[in-house]
Amino acid sequence: MQGGSSGIGYGLKYQARCISDVKADTDHTSFLTGTLSLKEENEVHLLRLSSGGSELVCEGLFSHPNEIWDLASSPFDQRIFSTVFSTGESFGAAIWQIPEPYGQSNSSTLDCVASLDAHVGKINCVLWCPSGKSDKLISMDEQNLVLWSLDSSKKSAEVVSKESAGMRHSLSGGAWNPHDVNSVAATSESSIQFWDLRTMKNVNSIERAHVRNVDYNTKREHILVSADDESGIHIWDLRKAKVPVQELPGHTHWTWAVRCNPEYEELILSVGTDSAVNLWFASASSEKQASERSAEASRQRVNPLLNSYTDYEDSVYGLAWSFREPWIFASLSYDGRVVIESVKPFLPRR
C-alpha cells in the first residue's frame with residue numbers, strides 16, 4: 001500500500017459534498033460538482049480534464065440558489081443534471097439544464113427544467129435510470145420513493161408512482177440496479193431494501209444496521225457493495241445474501257461512500273471521514289471468494305487495500321469514477337478540494 005497523492009487538484013470557493021461524472025460527455029473526461037454555503041450564493045462547476053491529462057479546467061461556472069446536498073448528472077444528456085438542495089429551512093429537488101454558450105468568466109444562470117415537488121420531508125437523493133435514454137428517475141426522502149417521468153423538452157416532470165417505506169424505516173439513499181431497470185436498492189437505518197418499480201413494493205431486504213451507501217457492480221450481476229458507518233465495506237451476492245461474501249476494513253472513521261469501477265470489476269473505491277480515499281482489490285463473486293479460501297496461501301497472498309490517497313485535510317464525501325476513462329476518478333473533500341487521480345498502476349492484468 002502506498003500513501004499520499006500525486007493527483008490534480010482544483011479548489012472550490014465554498015464547502016462541498018457531492019461530485020458526479022458526466023457520463024453522457026463522450027468527448028471529454030468531465031465532472032460536475034456543487035457547493036454547500038448557507039450564507040453565499042452557491043455554485044456548480046463543470047470541470048474537464050485537459051487532453052494531456054495534466055490539468056483540471058473549469059469549463060463552466062453556474063450560480064445555484066441553495067446549498068447542494070446531492071448532485072447527479074443525467075446519463076443521456078451532458079447538459080442536464082439533478083440537485084437536492086436546502087434553503088436552510090426546507091429541502092427541495094430539481095432538474096437543471098446548462099445553458100449554451102457558457103464559460104467560466106462569469107457565473108451563468110442555470111435553466112430549471114423541472115421541480116421534483118412531491119416531497120414534504122428531507123429529500124436525500126435523486127437517482128437516474130442507468131439505461132440508455134430512459135426518461136425515468138427516482139427521488140427519495142426519508143419515508144418515500146417517488147418515480148418520475150421527465151420530459152426535458154416540455155420542461156416537465158410527472159409523478160408515475162409514489163410509495164411509502166413505512167414509519168419503521170428512515171431511508172437515506174440508494175442505487176439503481178444497472179442489470180435490472182425495475183430494481184432499486186434503498187438504504188435505511190436498519191437494512192438495505194430492494195424495491196420492484198413495477199409494483200413499487202419492497203420485495204427483499206438485507207438486515208444491516210447503519211448502512212451509509214451502496215453501489216452495484218456494473219460488470220457482475222447480483223453483486224452489491226455496501227459501506228457501513230463503523231464496520232467497513234461488505235460485498236454481497238444477492239442470490240444468497242444472508243452473509244457477505246467478502247468484508248473489507250473500510251476506514252479508520254466512518255466509511256461514507258463506495259463506488260465500483262465501471263469497467264474493472266475487481267476495483268472498488270471508498271471515501272471516509274478520516275480524510276482518505278481507499279482503492280481496494282476485491283473478488284467480485286462468491287465463487288471466486290470460495291476458491292481463494294480453499295488454500296491458505298491464496299488467503300494471505302494479497303492485501304486488498306491497493307492504495308490509500310491521503311492528500312486531504314477534511315472529510316471526503318464526494319466520489320466518482322470516470323465512465324469514459326475508467327482508470328480515472330474524482331474525489332471531493334468537505335473543504336471544497338477536488339482531486340483527480342489515475343489508478344493505472346493498479347489495473348488488473350487481462
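For what follows, Ala, Val, Leu, Ile, Met, Phe, Trp, Tyr, Cys and Pro count as nonpolar, Asp, Glu, Lys and Arg as charged, and the others, Gly among them, as polar. Hello everyone! This is a predicted model, where local features need pLDDT of at least 70, side-chain atom pairs count only at pLDDT 80 or more, and totals for chains, interfaces and linings use all residues. Residues are numbered from 1 along each chain as its sequence is written, and side-chain values use heavy atoms, without hydrogens and water.

Let's start with the second largest pocket. Its lining divides into 7 nonpolar, 7 polar and 4 charged residues. Of the 18 lining residues, Asn177, Ser183, Phe194, Tyr216 and Leu238 lie nearest the centre. Two elements, β17 (191-196) and β18 (201-207), each give two or more residues to this lining, and β18 gives the most, with 4.

Now, the cysteines. Cys260 is buried at 7% relative accessible area, while Cys112 is partly exposed at 33%; buried means under 20%, exposed over 50%, partly exposed in between, with a 1.4 Å probe and protein chains only.

Finally, have a look at Asn307. This residue sits in strand β26 (residues 305-309), strands being DSSP runs of E, at least two residues, numbered from the N terminus. Asn307 is buried, with 4% relative accessible area.

Methods:
On a 1 Å grid over the protein atoms alone, a cavity is a set of points where a 1.4 Å probe fits but cannot get out, and a pocket is an open set with protein on both sides within 12 Å along at least five of seven lines; lining residues have an atom within 4 Å of a point.
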